[in-house]
Structure formats: C-alpha cells, structure tokens
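Trainee: I would like a close look at a single part of this model. Could you take me through the metal site and then show me what surrounds it in the chain?

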Amino acid sequence: MSESGAAREWTRAIRLIETSSGIYVATHIRPDGDALGSLLGLSLALEKAGLQVAALCADPVPSTYAFLPAVDWILSSPPDWQADVGIVVDCDGLARVGALEPALAGLPSLIDLDHHDTEQAFGQEQLIDPTAGASAEIVYDLLREMELPLDAEISTCLYAAVLTDTGRFCYGNTTARSLRIAAELVAGGADPHAIARKVYEERSMAATHLLGVALSRLAATTDGQVVSSVLRPADFAETGASSSDTDGIIAHLRAIGGPRVAILFVEPDHDAVRVSLRSDGSVDVSEIALEFGGGGHAMAAGCTVTGKAELVERRVLDAVSLALNRPSEQDAG
Ligand code: AMP
Ligand code: MN
Ligand code: MN
C-alpha cells in the first residue's frame, strides 16, 4: 500500500527534526495548559534526544502552570543561536505566537503541530489533527513515531495538557484515544492527583474574587439562549487579580443549563476586548470568532477585538444571535 499524504507529511516532518542543527519550539500568547504542556513535553523530549532546542512563548507562564517541569527554561524571545527548524504547537494561525512571529516566519522550515480546524494552517509541514482532544495528543504520537522515551517529566507535561484541553476528560473532544494516551502518560510517571490539585485546586483569593465579580454580572440575552459576563479594568485593580486569572471563569458560565452559548468579555485595558466563546454544540462558535479575527474550535473559541468595549460586546452579541437564529443550525440542533 502506498504511503498516504498525511503519512508522507509525518515522515518529512520527522526527517526535518532529526536532521536539524537547532529547533525553536513555540506556542501561543496567553498560554493555556495545552500550549505549555505541549511546548514543554516536546521540547524536553527533543532536548533529551540530543537536539539543540529553545522553548519559546512570548507571554509569561500563569502561576497555575508554574509547577510544570522545566518551566523556567521557557524564553519570551529567541536565543542568541539561530535555528533551522521551528515547531509551532497549539496555534490557530501563526499570528498566535505574538511577538515571536517574525523570528519563526523567517526560519528555513516551519512545522505547524495543532488540533484546530479553521483552515488557518501555516508552515512547510502540517501535523494537524482536529480529532485530537489536545495538541499534546499529537505530540505524544510524534514522540512515539520518533521512538523517543517518555519519562516522568515529559509525561507530566503532556498529561496536564490533555487534562486541561479536554476539561478533565469531560468535553466533547474527549475520545478513547485521549483516555488511552492519558493512561500511558500515567504509566510513564504523570501523577493525576498531584496535577489536578495544582491545576484546579490552588486558585488564589484574588482570582476567586474576580470569579465572584464575573458571576455577579451574569446576563441572559437572545431569549435566554446566550449567557454572558464582563470584566472591566477596574475589576482587576480592585481584586488584585492578574489577566491570566480569568482562566477557568468561562467554565462556570458554560456549566449553566439552558443557554446555547456562553460568552466572557474581558477588557484588560481600555482599547481591546478579549472574547471567550463556548457552545453547547448546536452552533459553531469558531465561525463567529473567525469573523472577528480569532479562531478556536466548534465548541470553544476566542478572539481579541480592538475598539470601545460596549461596541465590541454589542457586535459580538449580534453575531452570536444571528448565528443562533440561522435556520440550518437550529435544524441541526
Ligand atoms: P479561550 O476562550 O481563550 O480559552 O480560547 C478558546 C479557544 O479559542 C482556544 O482553542 C484558543 O486557542 C482559541 N482562541 C482564543 N483566542 C484566540 C485568538 N485571538 N485567535 C485565535 N484563536 C483564539
Ligand atoms: Mn491552547
Ligand atoms: Mn489546544
């Protein structure tokens, strides 16, 4: 049987990595668990295999993920040596790497390793699988394909990534494969209890106060089909919370029974609004996020929109309302 296009792509990507003289591995701004776990798991495995590697993320690591092995190794800008290969993980479009974009776009070879499905792929080689619950599942497959060993450090990083992107193995993107990979990672030394405690049970007082503010502002619109909340610059000042303390708040909005779409508007400063969108599956919120220059998945997407907060919020709510009332999507239910 002849090798499929996807298999050829994997073979070419692996050859690029194995023959590289130096690799930049990078992930998206405002990194989440999958971004950091995939970045560190892959970087550690390649470094332990004897390759020269720099792990890059333009934004700081949220305190929630400070427990990840080798987290201090992450650089916010490229090192003083030049790579010949870049691997960009968990990024729906190269622009998601933020300030690192010029350094990565200029590399001789770029590999896009991702599980988003919005046709914003980039690079010479694409290891893209929208059926993967987390980019870390693709990293896992890549390391297995390259016959690289998974030690406790690498397993911890990849497990934290799969855990968070599948919503603790609860979201619709959780598959038998996610659970099988998670089992292998636990066998490889990841501690599920310790990791879950770090990620979900050490929220700071400031972050909890911020959650309280968001919950006190719940608003139902579009005949109860949409629930939303907003966080203003003053809320961060008053609670002492940081911008990354908004992580996890949208899960509380999403947990409300009834609404089809949950939206969190965050105005970290006065000229842009960060929008998080979650869907019950009856409407594809990545299409809405794309309209505003963002991206994501059908049931979890986001965008950052410049402009006056109230206007941005109105435009996004209108777009969501329009999508919800489109007959085909209602029929698809
Ligand atoms: P969040 O609401 O920030 O947790 O993001 C949900 C999903 O949308 C994730 O898959 C993100 O990668 C994606 N996403 C969030 N913001 C953006 C953006 N500005 N551009 C592209 N994708 C985004
Ligand atoms: Mn991510
Ligand atoms: Mn992801």
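**The manganese pair**

Mentor: In this predicted model, the manganese ion (ligand 2) and the manganese ion (ligand 3) lie 3.7 Å apart. D90 coordinates both. The pair ties together distant parts of the chain. H28 sits in the loop between β1 (23-26) and α2 (33-48). D90 sits in the loop between β3 (85-89) and α3 (101-105). These two residues are 62 residues apart. Are H28 and D90 buried or exposed? Both are buried.

Now take ligand 2 by itself.

Next, the nonpolar cores. In soluble globular proteins, nonpolar side chains tend to be buried together. Here the largest nonpolar core has 51 residues. Those with the most contacts inside it include L42, L46 and L158. Helix α5 (residues 152-165) gives the largest share of this core, eight residues. Look at L158. Among the residues it touches are G37, S38 and G41, along with A136, V139 and L185. A second, separate core has 24 residues, including F265 and C303.

Last, helix α8 (residues 205-216). Its buried residues are A206, A207, L210, L211, V213 and A214. The face turned away carries the exposed residues M205 and S216.

Technical notes:
Residues numbered from 1 in each chain as written. Chains lettered and ligands numbered in written order. Predicted model: local features only at pLDDT ≥ 70, side-chain atom pairs only at ≥ 80, totals over all residues. Heavy atoms only, no water. Buried < 20%, exposed > 50% of the residue type's maximum accessible area, 1.4 Å probe, protein only. Helix = DSSP H or I, 4+ residues; strand = E, 2+ residues; numbered from the N terminus. Core = buried A, V, L, I, M, F, W, Y, C linked by side-chain atoms within 4.5 Å. Contact = heavy atoms within 4.5 Å. Donors = N, O, S within 2.8 Å, 3.2 Å for Na, K, Ca; no water. Lists of a residue's contacts leave out its neighbours within four places in sequence.
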